[in-house]
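Work through the exercises below with the structure open. Try each task before you read its solution.

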There are 2 protein chains.
Amino acid sequence: MIDQLIRNIKRTGAPVVVGLDPVLGYVPAQIQKKAFAEFGETLEGASEAIWEFNKQIVDAVCDLIPAVKPQIAMYEQYGIPGLVCYERTVSYCQSKGLVVIGDIKRGDIGSTSESYAIGHLGHVQVGSREFTGFHEDFSTVNPYLGSDGVKPFLKVCKQENKGIFLLVKTSNPSSGEFQDRLIDGKPLYEHVAEKVNEWGSDMIGEEGYSSVGAVVGATYPEQGRLLRKVMPKSYILVPGYGAQGGKGEDLVDFFNEDGLGAIVNSSRGIICAYQKDSYASIGEENFADASRQAVLDMIEDINGALEKA
Amino acid sequence: MIDQLIRNIKRTGAPVVVGLDPVLGYVPAQIQKKAFAEFGETLEGASEAIWEFNKQIVDAVCDLIPAVKPQIAMYEQYGIPGLVCYERTVSYCQSKGLVVIGDIKRGDIGSTSESYAIGHLGHVQVGSREFTGFHEDFSTVNPYLGSDGVKPFLKVCKQENKGIFLLVKTSNPSSGEFQDRLIDGKPLYEHVAEKVNEWGSDMIGEEGYSSVGAVVGATYPEQGRLLRKVMPKSYILVPGYGAQGGKGEDLVDFFNEDGLGAIVNSSRGIICAYQKDSYASIGEENFADASRQAVLDMIEDINGALEKA
């Protein structure tokens, strides 16, 4: 699946991923009104509104980008109907040829971690038959529990040709509270990165990269430079661009010399583009066009910075 | 909610929690057959079988115990029908007066963490109305992302009178890979424990304990002794008893002198008791009776060790 992701990136020329992290407040009033008219002010109504919002954005940007990253928390808050919308979004994006990175940040131990891996990346056995649950292509994984928590994901990834991105250095201000603490002279995130490199060493695809990637925030470019070298074969998923403050020029060192090795996420910056002053003239009813323009601008910003570097 | 948990513990005299972590392989053949006859070999059929299994166990043990801990990963692997079964199990246990600890190990940053907190412990706004998603009483939370990830949970807990248990030292063999590494002369888990103590300091209930608890594995009794002192006001949720090797005598130091402060989980040891040699004579068709006997034996083991100490 890492090969599929890289081929999509090469085809589009866009090392970007659109974060589908909607809440009801992002959805234009007209779409909410229509969904509530059909389903009432219910969890089903909220989920229908979010689904319609997602669909229009995906239709508007799918030819420009290699991948999407739906954030499951945003759907999970709407209970079962929210998760139905999540699964529907995953399926729809895959039908459009997009690679889907489920931002689920799961992590547990042993058979419990394996259950998460099965539910999100694998097949579950029921009697004589097999089913998929949420069937993302990649998922994000939390490493705090160590190898016992990660290895079941690796097992399922190998069986199913899927991949994961492990949290290494997250984009938030307080990520340093634990992740930056020095252990034997090196920050915790560097120790985690060394394990990422080790865990992914026997999962290198045809394009030269591992199915085991890492999450490193755009808000920490210096750490990005270091971590790029610690995990040369790992794709880095970079959140924090746009709304969290990261800019194109901050991202150069997350990439390898081959121009590959990183994929940059923007969520609110794309899906809420219509609410920003710079795209306001496009109009709320054309929110998906605003998202398309924001994707084009993001690609230009990042590729411009990479060309200059 | 921490007060409710402690009152339940005092009433039952049982500092134990039953982990409802079923997979289809644990469910007696007769129950599977009946569910498949109605729903086919489908995710719905699997979830119906698991629901019936859970219900019979809960009916058999609910008068003996203060709380249950369903592990959401086990349900999530069966996709949407699995999560419907999870929510149904949470509701049913609450209707029986049990406190429900959702073992979800979620954790993200900012509005994303808040979405998880809302989905599992809070209310979500839809137009003019409010709904609950999974409405557990407590949830487990992963601290790797730092305060930004935890504070949204604290906010929702205060609003809703709920609680959390943060992962501090997990019960698995490789938990030391990151958690035991020394930072300024102290292991990472101790730094996390100090934050747990701080985060929970303004959330102390009438019974003298905080709504912010911690997870510390039964398999690490020495660390338990230390962590008990670092977080004197935090309830400790102790996994790893039974199937993972922890015994009653290992648990004494997880408790405070008031006999409170810890609650010990057993999952497979209870729900699969009928498969163990020691309960085999009870018979597969009476699996819930075997679970009841296993709960009684566990309570005796732990209370016996506490009395001796």
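Two copies of a chain are related by a rotation about an axis and a shift along it. To find that rotation, the copies are superposed by least squares on their C-alpha atoms, using residues with pLDDT of at least 70 in both. Keep in mind that this is a predicted model.

**Exercise 1. Symmetry**

Task: Find what relates chain A to chain B, and which residue of chain A comes closest to the rotation axis.

Solution: 
- Step 1. Take the rotation. Turning by 180 degrees superposes chain A on chain B, with an RMSD of 0.0 Å.
- Step 2. Take the shift. Along the axis it is 0.0 Å.
- Step 3. Look for the axis. A:Ile183 comes closest to it among the residues of chain A, with its C-alpha at 2.7 Å.
- Step 4. Compare the surfaces. Both copies use the same one: 100% of the contact residues of chain A recur in chain B.

**Exercise 2. The interface**

Task: Describe the area that chain A and chain B bury between them, and say which three residues of chain A supply more of it than any other three.

Solution: 
- Step 1. Count the contacts. On chain A, 70 residues touch 70 residues of chain B.
- Step 2. Give the area. The two chains bury about 5700 Å² between them, and 60% of this is on carbon and sulfur atoms.
- Step 3. Pick out the contributors. A:Glu41, A:Tyr144 and A:Phe178 supply 15% of the area that chain A buries against chain B, more than any other three residues.
- Step 4. Count polar links. Between the chains there are 36 residue pairs in polar contact.
- Step 5. Find the main element. Helix H6 (residues 110–121) of chain A gives seven residues, the largest share of the side that touches chain B.
- Step 6. Sort that side by class. It has 32 nonpolar, 26 polar and twelve charged residues.

**Exercise 3. Salt bridges**

Task: Locate one salt bridge between the chains and one within chain A.

Solution: 
- Step 1. Start with the total. Over all chains, the structure holds 39 salt bridges.
- Step 2. Go to the interface. Seven salt bridges link chain A and chain B. One of them pairs A:Asp108 with B:Lys105, with the closest N and O atoms 2.7 Å apart.
- Step 3. Stay within chain A. A:Arg88 and A:Glu48 form a salt bridge at 3.6 Å, N to O.
- Step 4. A:Arg88 is in helix H5 (residues 79–95) and A:Glu48 in helix H3 (residues 43–61), so the pair ties together parts 40 residues apart in sequence.

How values were computed
Residues numbered from 1 in each chain as written. Chains lettered and ligands numbered in written order. Predicted model: local features only at pLDDT ≥ 70, side-chain atom pairs only at ≥ 80, totals over all residues. Heavy atoms only, no water. Contact = heavy atoms within 4.5 Å. Buried area = accessible area lost by both parts, 1.4 Å probe. Salt bridge = Lys/Arg side-chain N within 4 Å of Asp/Glu carboxyl O. Polar contact = N/O pair within 3.5 Å; in protein donor to acceptor, adjacent residues only side chain to side chain. Helix = DSSP H or I, 4+ residues; strand = E, 2+ residues; numbered from the N terminus. Nonpolar A, V, L, I, M, F, W, Y, C, P; charged D, E, K, R; others polar.
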